[in-house]
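Okay, thanks everyone, I'll keep this short. Have a look at the model while I talk, and stop me if you get lost.

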Amino acid sequence: MSDTPSGPTDVIWRDGEFVPWQDATIHVMSHVVHYGSCVFEGLRCYETAAGGAIFRLREHMRRLVDSARIYRMPVAYDVDAMMEACVGTVAANGLTSCYLRPLLVRTGQDMAIVQPVNQIETFVIAWRWGTYLGKSALTDGVDVRVSSWRRPAPDTFPAMAKAGGNYLNSQLAKMEARADGYAEGIMLDSFGFVSEGSGENLFLVRDGVLYTPTVHAGILQGITRDSVIRLAGDVGLEVREQTIPREMLYVADELFFTGTAAELTPIRSVDRIPIGTGRPGPVALSLQRELLGIATGRIPDRHGWLTAVPQAAAGRARAGVGHGSAVTVGDGVVVN
Ligand SMILES: Cc1ncc(COP(=O)(O)O)c(C=O)c1O
């Protein structure tokens with residue numbers, strides 16, 4: 001995959017049909033445009049020797065449905081139906097590796113506007129995308145700062161929901177970090193303990209133990225985070241989910257981000273203080289090898305994390321779209 005998003009792909013799944021990319025539009029008076037009322041997912045399809053494979057599709061679709069429930073959005077498609085839509089979207093665009101964005105938006109329009117109208121439209125979008133934090137991020141690591149923006153306090157925004165409005169907080173941290181020449185910002189929670197990056201979870205290594213903030217530190221419960229915890233368990237590496245004071249960042253032997261976009265990105269400095277040797281450490285690199293090895297099919301999928309995208313379906317779906325007709329989702333076969 002290239003390093004930057006590659007631009008439009010052919011079709012977008014919209015409530016059971018594939019529509020051309022440019023036709024997947026909504027009205028400016030839609031609730032979501034004014035109030036950020038959408039929930040979404042971000043997941044990757046990796047190219048394997050046997051074709052495209054979506055990483056932890058079921059878990060991502062479950063989190064999508066959970067996010068909708070938290071925000072009182074009725075869902076028209078269950079986890080299995082959304083999985084099928086994702087597989088179908090990859091296939092219909094003839095892709096073998098891509099980023100996938102399933103999205104539920106409140107498009108209802110009401111002039112008494114803050115009160116949401118429960119008209120929900122569902123989309124699945126796919127596009128080609130490489131590394132998130134820069135070309136050399138995975139191998140060389142990134143320089144980050146502690147953000148002056150904090151994650152929302154408990155009982156303000158539901159951090160467990162992956163919802164559009166929540167990301168205004170992430171944007172503040174990200175823009176501040178970039179303006180100051182850093183790749184990313186690490187946010188503290190409302191109590192001043194370490195939380196996460198603007199779009200990534202955080203791990204640190206000290207004396208051979210892996211630490212990561214708990215779910216009550218205002219984090220999104222990352223699926224890559226879960227994968228890394230399991231992979232650490234596979235090799236007998238102790239993992240402690242606990243409260244982490246800010247200063248523990250500076251004395252870590254290793255630090256790294258995890259996330260669908262960032263995959264597993266080592267951190268080489270925080271606030272210009274080098275972490276460990278100032279180079280990606282052995283624990284981060286070996287977990288990264290394992291994670292990406294499984295995702296790309298180079299290492300056996302012992303946890304059952306991959307859902308294959310059938311090649312034949314790609315051809316059939318593309319043929320339908322090429323003739324100007326909408327193609328229903330049934331073309332994609334969910335294997336896992
Ligand atoms: C705020 C935030 N934290 C953590 C993550 C990592 O989650 P995942 O590993 O499920 O992609 C993401 C990305 O979705 C995120 O946006």
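Before I get to the strands, one term: I'm saying two strands pair if DSSP finds at least two bridges between them. And keep in mind that this is a predicted model.

So, with that in hand, strand 9 and strand 10, residues 194–197, pair in the antiparallel sense over three bridges.

Strand 8, residues 142–146, runs parallel to strand 9, and three bridges join them. Val144 is the residue opposite Glu184 in strand 9. If you follow the chain from strand 8 through helix 5, residues 167–179, to strand 9, you get a right-handed β-α-β unit.

How many of the five residues of strand 9 are buried? Five of the five, so strand 9, residues 184–188, is largely enclosed by the rest of the structure. In a regular strand, side chains alternate between the two faces of the sheet. Here, Glu184, Ile186 and Leu188 point one way, Gly185 and Met187 the other, and all are buried.

Last stop, helix 3. Residues 79–92 make up this helix, and it reaches 20 Å from first C-alpha to last, close to the 20 Å expected. Helix 3 is mostly covered, with 11 of its 14 residues buried, including Met82, Glu84 and Cys86. Just after helix 3, Gly94 takes a positive phi of about 65°.

Conventions:
Residues are numbered from 1 along each chain as its sequence is written. This is a predicted model: local features need pLDDT of at least 70, side-chain atom pairs count only at pLDDT 80 or more; totals for chains, interfaces and linings use all residues. Helices (H or I, at least four residues) and strands (E, at least two) are DSSP runs, numbered from the N terminus. The expected span of a helix is 1.5 Å times one less than its number of residues. A residue is buried if 20 or more other C-beta atoms lie within 10 Å of its own, exposed if 12 or fewer, and partly exposed in between; C-beta atoms are placed from the backbone. A crossover is right-handed if, with the strands pointing away from the viewer, the path from the first strand over the helix to the second runs clockwise.
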